[in-house]
Structure formats: C-alpha cells, structure tokens
Amino acid sequence: MHWSQHPHKSKGLYKVDQKTRAIEIIDKDYEFPHGYKFQIDGRFLFHSPWFDKYRNGSTDRAVADNLEFDDDVSAHSVFNQETVLDHISEYAREPDLEGDLEFNELTGDPICWTSKRGGQIRLWMPLDVHGKPPPGNYVTGEDTSLGRGTTPSCLTAANSDSGEKVLEFMTAFMSPDAFAVKCVAICRWLGKGTLLAWERQGPGETFGITVQKLGYYPIYYHTDQSKHKHRVNQLAAVPGVSPLIKSLMFTQYETDLAKGAFINRSERGLREMFGWSNTPLGPEHKHHKNRANDPSGAKLNHGDLTVSDAMCAM
C-alpha cells in the first residue's frame, strides 16, 4: 500500500503540481500548524506532514526507494538526485531570452536573431543592440534524432570561460542534415572557433557529413585509446565501448555540476537527468511523454538534452 493510502501517514495530504509548484490540499479537514513550510520543489507529487518530516530526516533517494518505489531515484539511477536538486535550487532560472536565429539554409551562415516568447532557442545571456552574443569562447554539444516528431534533436552551448550553459535549442521536426546546417549557423553566430561536438551514431553520421560539407572544422575529437588515434566524437558508436564512454561522460558531468565547474540554468535539462538508469547495456533513459507545451514538439523524451548538456560540459 502506498503511504498516501495509510490512514495516519496521509493526514494533511496535499499535492504539488510538478510544473507550476501550485499546492492542492486534498485532506481539507486537516489543520496545518501556523507557518507550515510546504515542500514545493516538485520532486514528489504527494506530501503530508508525516511525509515531509520523513523526507527532512532522510534523502530523496531513500524516500524514492522506501516510500515511492520510484525507479528514477533508486539505486540504479545514473545521477545522484540530491546533487541535481541542489543545482536546480542554486542555479536554475528562466531564460533571459527566447527566440530563433534566421540563417542561410544552404551555407549555414547566420543572418539575424529574432526574439519570440516560446521560441525554440533559449538563451541565458544578453545580446547586444545588433542581436549578437557577448565575446567569449563557446563550446557546444549536440544529440541528433531522425526529426520525425518522436524525439527531439538537441543543441547545448556554454561559455567555456565562465563554465555556464548559455543556449539550448530543441526541435523534433528537422532532418539530421537540416539540423546540422542550423547548428553550424548557431556556432558561427556565437563566434569564430566555437567548438562543436556530436554523437556520431545513427543520424549523427548524416549530421557529421553535412558539417564537413559546410566547411565547419572547429569540432571535438574523441581519442580512441584502443587504436591510438583521433576520431570525430562517436559516443555509442562502438558496441561494448560506448556504454563505458557515456558512463564516464555522465560521471564527469555530475561531478562538474556538484562542484559548480559547469553551471546549467535550464531546469528542464536538469530534471531530465532523473530519468536515467544504469542497465547491463549502459546508461538508458526511461522514455516518457513530453508535456503538451514542449517547444521541441516531440512526443517522447529519452534524455537527448542530458546527452547534449554532458557533451557540452566535456
């Protein structure tokens, strides 16, 4: 029996909307103490004074294991949930700007930025009067989908000087080659020498070919230690090796978040980390339906943004 069905533990039962953080009192007969501190971080749906007291004296992982039976926060979770929640609490905020970048679809040259509420590109940095980003050394990480509306393609950009994520772009309706052209345009818009990293597996092959055709060469190379030579980043491209590479990448990403060496202000990107679990085949994301207002338009989400964020943080 779930704790919320228990006659004693459910006294003062209330629900927290995980998107808006709005509180709905379910047990309307219960009288809360004056100044009661409701837990509205959105990590758990149902609460009560008993639950809140248990959680205050424990960890979210223990709560998930012992009370919620939540695999997302179980011992199989790739990321430490407290680390992620702490980062959300300290750094996450709404973007400074939303909009889109107009670009030449043949050459990948940027034309101009247009601000638009709810736009697919979200920025955590100011732009100058000409719509240009501030000078800096930028790096990007990318994860490509087939662009058929099921899962999103994602691009993350960060300022390597400050270690802060500054841009997030998601779309579920661009083919890998079209997505590559836009990513190159974004990189050129950010500034000369912006580093581009991507996952070469599957649609990433087409993405890479397009990047090379456009003559964009500031790209990240992953060193294949077994063959002692450099190759374009090909996470998950070699069976038996890719799970280890991805696991190491995620471990370093989590470490950087914990130390503040990489600052991710996107709550959406951070909360996506909760869905990753360790399996015998390596890290895998628990597929779930996206919210209706997801700007990417994707029907499903399987952790693509976590991959692009982690790749960007490398």
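## A strand pair to start from

Arg-122 stands opposite Glu-168 in β9. In this predicted model, strands β6 (residues 121–123) and β9 (residues 164–171) run antiparallel and are joined by three bridges.

## The seven-stranded sheet

Let's step back to the sheet around that pair. Its seven strands follow the order β5-β4-β6-β9-β8-β7-β10, the pairing is mixed, and the sheet is open. At the edges sit β5 (110–115) and β10 (195–198), each of which pairs on one side only. On average, and with direction ignored, neighbouring strands are turned by 25° against each other.

Helix α5 (residues 203–213) lies across β7 (138–143) and β10, and runs at about 155° to β10.

The largest nonpolar core has 30 residues, and Leu-167, Leu-196 and Val-211 have the most contacts inside it. At least two residues each come from β4 (97–103), β6, β8 (153–159), β9, α4 (176–190), β10 and α5. Helix α4 supplies the largest share, with ten residues.

Leaving aside neighbours within four places in sequence, Leu-167 is in contact with Ile-121, Arg-122, Leu-123, Trp-124, Leu-155, Thr-156, Ala-157, Ile-186 and Trp-189. There is also a second, separate core of 22 residues, with Val-84, Leu-257, Met-273 and Val-307 among them.

## The buried face of α1

Which residues of helix α1 (residues 49–56) are buried? They are Pro-49, Phe-51, Asp-52 and Arg-55. Seen down the axis of α1, the buried residues fall within an arc of 160°, so they line one face of the helix.

Notes
Residues are numbered from 1 along each chain as its sequence is written. This is a predicted model: local features need pLDDT of at least 70, side-chain atom pairs count only at pLDDT 80 or more; totals for chains, interfaces and linings use all residues. Side-chain values use heavy atoms; hydrogens and water are left out. Two strands pair if DSSP finds at least two bridges between them. Helices (H or I, at least four residues) and strands (E, at least two) are DSSP runs, numbered from the N terminus. Axes are lines fitted to C-alpha atoms, for helices over the stretch in contact, and angles run from 0 to 180 degrees between N-to-C directions. Contact means heavy atoms within 4.5 Å. Buried means under 20% relative accessible area, exposed over 50%, partly exposed in between (1.4 Å probe, protein chains only). The arc is that of the directions from the helix axis to the C-beta atoms. A nonpolar core is a set of buried Ala, Val, Leu, Ile, Met, Phe, Trp, Tyr and Cys residues joined through side-chain atoms within 4.5 Å.
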